Amino acid sequence: MPNTQVIHRHLHHLPPTAVAGQGMWITDSEGRRYLDASGGAAVSCLGHGHPDVIAAMHAQIDKLAYAHTGFFTTDVAEELAARLVATAPAGTSHVYFVSGGSEAVEAALKMARQYFLEKGEPQRTHFIARRQSYHGNTLGALAVGGNAWRREPFAPILIDATHVSPCYPYREQREGETPQQYGQRLANELEAAIERVGRDKVIAFVAETVGGATAGVITPVPGYFKAVREVCDRHGVLLILDEVMCGMGRTGTLHACEQEGIAPDLLVVAKGLGGGYQPIGAVLAQQRIVDAMTRGSGFFQHGHTYLGHPVACAAALAVQKVIERDGLLARVRELGAKFEAMLHEAFDSRVHVGDIRGRGLFWAVELVEDRASKRPFDPARKLHAKVKSRAMAEGLMVYPMGGTVDGRYGDHVLLAPPFVAGETELRLAVERLQGAIDAAVA
Ligand code: PMP
């Protein structure tokens with residue numbers, strides 16, 4: 001048994017050994033090829049082995065592999081930060097680099113807390129987040145994450161958090177309720193939660209702009225985030241958007257929140273930022289958050305050894321340049337529309353597919369006992385895991401997730417192919433997924 005398996009136990013079977021990756025394909029040590037329709041976990045936006053990214057990383061290693069940010073900044077970190085600021089929501093002035101999604105969420109939570117400490121509001125200690133959300137596995141990120149079953153083994157978690165409803169129209173929008181009314185109802189629920197906790201006690205509302213892995217790509221109804229922003233502003237509560245999975249082009253705009261017409265106070269990105277070539281994440285902060293620190297203690301009281309790692313920044317910079325040069329955001333939108341049509345063609349007639357939802361190249365298929373009643377499968381059947389292993393057997397990588405442990409929501413399969421995928425490859429992925437789902441539900 002591979003020595004990594006005791007701790008990487010989420011693989012329910014012995015995994016194949018990956019030895020090579022090119023474009024949308026990964027090859028294992030037996031020579032079998034897998035079509036990577038999940039981009040790993042919505043990471044590999046340029047696919048594998050992109051020559052421009054590899055060349056940029058080589059060039060950076062040849063020059064300088066590492067320099068601690070306690071002593072230096074680097075050209076490559078500054079160039080990447082300037083680029084991120086220039087393309088970020090209005091008011092963004094600073095970037096804080098870390099090594100991944102959980103670290104970035106953790107940094108954002110601390111930055112938000114420190115903002116209020118600097119402003120002389122130390123009593124603000126509470127976060128509000130959403131059920132059915134995922135923000136990472138470090139303790140702070142776990143505390144705001146919306147799955148009680150992930151938090152409970154590690155209770156008491158040091159951060160106070162309250163969870164409100166996710167924006168999940170397929171399951172929770174009421175009969176006769178318009179999308180606008182639904183969005184407003186959720187914003188009212190947030191406001192009631194703020195009032196319950198105490199309007200001077202809440203630091204921030206934390207949400208994924210498009211709910212990712214846990215929720216299965218739940219896209220917000222129009223107006224929801226505008227209503228949320230208004231509630232936050234009315235109570236002086238910050239808005240932290242976690243776009244670790246849905247951001248950096250995945251939904252067809254660089255940041256998913258652009259499509260909601262709002263700017264968060266802190267925007268968290270990772271995965272697609274470095275496209276899997278290096279571990280990197282970032283917090284994009286509004287000027288006023290940074291100003292409070294500058295006027296107060298003078299610095300953000302946080303730090304990691306690998307902040308702004310030069311090779312990670314070089315990889316991310318190259319990824320972002322390729323996206324711009326090759327017009328990949330437009331391609332995500334065009335290819336996304338075609339992918340959506342392929343998914344409907346393949347699954348609209350399937351009784352076990354309740355919902356097909358997504359945006360850009362970020363899609364989920366929700367599995368149900370039957371489409372009419374929307375009744376989820378018994379969670380004990382672990383259908384998502386079956387679909388994953390069937391898909392792997394057919395040479396396809398998809399990202400599966402169970403619904404809720406209480407069986408309230410359905411299992412789903414998440415698809416996040418690279419932006420450079422070909423139409424033929426996407427068609428093959430859909431065909432193989434159809435086979436895997438049919439076999440798993442049988
Ligand atoms: N936030 C979201 C929305 C995520 O999807 C993830 C990872 N799936 C994380 C945070 C944590 O990122 P990482 O695994 O890089 O720590």
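In the predicted model, the chain is assigned to two domains, of which domain 1 is made up of residues 18–50 together with 327–441, while domain 2 spans residues 54–325. The C-alpha centres of domain 1 and domain 2 are 25 Å apart, and the contact between them draws on 32 residues from domain 1 and 28 residues from domain 2. On the side of domain 1 that touches domain 2, at least two residues each are supplied by helix 1 (39–42), helix 12 (328–347), strand 11 (353–359), strand 12 (362–367), strand 14 (399–401) and strand 15 (411–415). Helix 12 gives the most to this side, with five residues. When sorted by class, the side of domain 1 that touches domain 2 holds 19 nonpolar, eight polar and five charged residues.

The axes of helix 8 (residues 179–197) and helix 9 (residues 224–235) come within 8 Å and cross at roughly 25°; because angles under 35 degrees count as roughly parallel, helix 8 and helix 9 are described as roughly parallel to each other.

For helix 13 (residues 383–393) and helix 14 (residues 423–441), the axes come within 8 Å and cross at roughly 130°, which makes helix 13 oblique to helix 14. The crossing of helix 13 and helix 14 is right-handed. Helix 13 contributes Leu383, Lys386, Val387, Arg390 and Ala391 to the contact, and helix 14 contributes Arg432, Leu433, Ala436, Ile437, Ala439, Ala440 and Val441. Nine nonpolar and three charged residues make up the contact of helix 13 with helix 14, with no polar residue among them.

Glu243 counts as buried because it has 28 C-beta neighbours inside 10 Å, where 20 or more are required. Apart from its neighbours within four places in sequence, Glu243 is in contact with Thr209, His255, Ala256, Leu267, Val268 and Val269. The C-alpha atom of Glu243 is separated by 27 Å from that of Val368, a residue 125 residues away along the chain.

Definitions and conventions:
Residues numbered from 1 in each chain as written. Predicted model: local features only at pLDDT ≥ 70, side-chain atom pairs only at ≥ 80, totals over all residues. Domains from an automatic or database assignment. Contact = placed C-beta atoms within 7 Å. Helix = DSSP H or I, 4+ residues; strand = E, 2+ residues; numbered from the N terminus. Nonpolar A, V, L, I, M, F, W, Y, C, P; charged D, E, K, R; others polar. Buried ≥ 20, exposed ≤ 12 C-beta atoms within 10 Å, placed from the backbone. Axes fitted to C-alpha atoms, helices over the stretch in contact; angles between N-to-C directions. Parallel < 35°, antiparallel > 145°, perpendicular 65-115°, else oblique. Left-handed = near helix turned anticlockwise from the far one by under 90°.
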